[in-house]
Structures are given as structure tokens and as C-alpha cells.
Amino acid sequence: MKPEEIRKLDAYFKRTFQNPQMQVKARPRKEDSAEVYVGEEFLGIVFKDEEDGDYNFSMAILDIDLN
């Protein structure tokens, strides 16, 4: 993803989840997606759908996190 897209997504996540600790970071060796963090904790991946220009956020929830 381009740096401008990452900045816009970063602002969107902070605003939407009302959490200034959320961060969107470029992925090493990957240009079609970015990583989403809260502080230092990895949350998931946001992908850009090149066909329609939308973004998709994917977050895995581990069973141990639910206990």
C-alpha cells in the first residue's frame, strides 16, 4: 500500500475505534496490505481490493483470548 493510504487507514482506525494507540504499518515485502496494531500488539491485516478499491480487515481471534 502507498504511504498515503496507510495514513488514511491509520486515521480511520483511530477515529472509528476511538483509540489513539491503534497503528497501521506497512508490511515488509508485501505491497497489497498493511498490519494493524494496538500499541505493540498485532491485531490483523487490512487488504485493498484492487478491483473495487475497498479495504478488508481480517483479524484472527484465538480461543485462549476468549478465556
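**Close-up 1. Glu 35 and Tyr 37, side chain to side chain.** In this predicted model, the side chains of Glu 35 and Tyr 37 make a polar contact at 2.7 Å. Glu 35 sits in strand E2, which covers residues 33–38. With a relative accessibility of 16%, Glu 35 counts as buried, because the cut-off for that label is under 20%.

**Close-up 2. Who else touches Glu 35.** Skip the neighbours within four places in sequence, and Glu 35 is still in contact with Gln 23, Val 24, Lys 25, Arg 27, Phe 42, Gly 44 and Ile 45. Arg 27 also pairs up with Glu 35 through a salt bridge, at 3.9 Å from N to O. On the Arg 27 side, the relative accessible area is 22%, so this residue is partly exposed, while Glu 35 is buried at 16%.

**Close-up 3. Glu 5 and Lys 48, a link between distant parts of the chain.** These two form a salt bridge, with the closest N and O atoms 2.7 Å apart. Glu 5 belongs to helix H1 (residues 3–16) and Lys 48 to strand E3 (residues 41–48), putting the partners 43 residues apart. Glu 5 counts as buried, at 13% relative accessibility, whereas Lys 48, at 26%, is partly exposed.

**Close-up 4. Lys 14 and Asp 10, a pair within helix H1.** Here the salt bridge has its closest N and O atoms 2.9 Å apart. Lys 14 and Asp 10 lie 4 residues apart in helix H1, so about one helical turn separates them. Lys 14 is partly exposed at 29% relative accessibility, and Asp 10 is buried at 16%.

Methods
Residues numbered from 1 in each chain as written. Predicted model: local features only at pLDDT ≥ 70, side-chain atom pairs only at ≥ 80, totals over all residues. Heavy atoms only, no water. Helix = DSSP H or I, 4+ residues; strand = E, 2+ residues; numbered from the N terminus. Buried < 20%, exposed > 50% of the residue type's maximum accessible area, 1.4 Å probe, protein only. Polar contact = N/O pair within 3.5 Å; in protein donor to acceptor, adjacent residues only side chain to side chain. Contact = heavy atoms within 4.5 Å. Salt bridge = Lys/Arg side-chain N within 4 Å of Asp/Glu carboxyl O.
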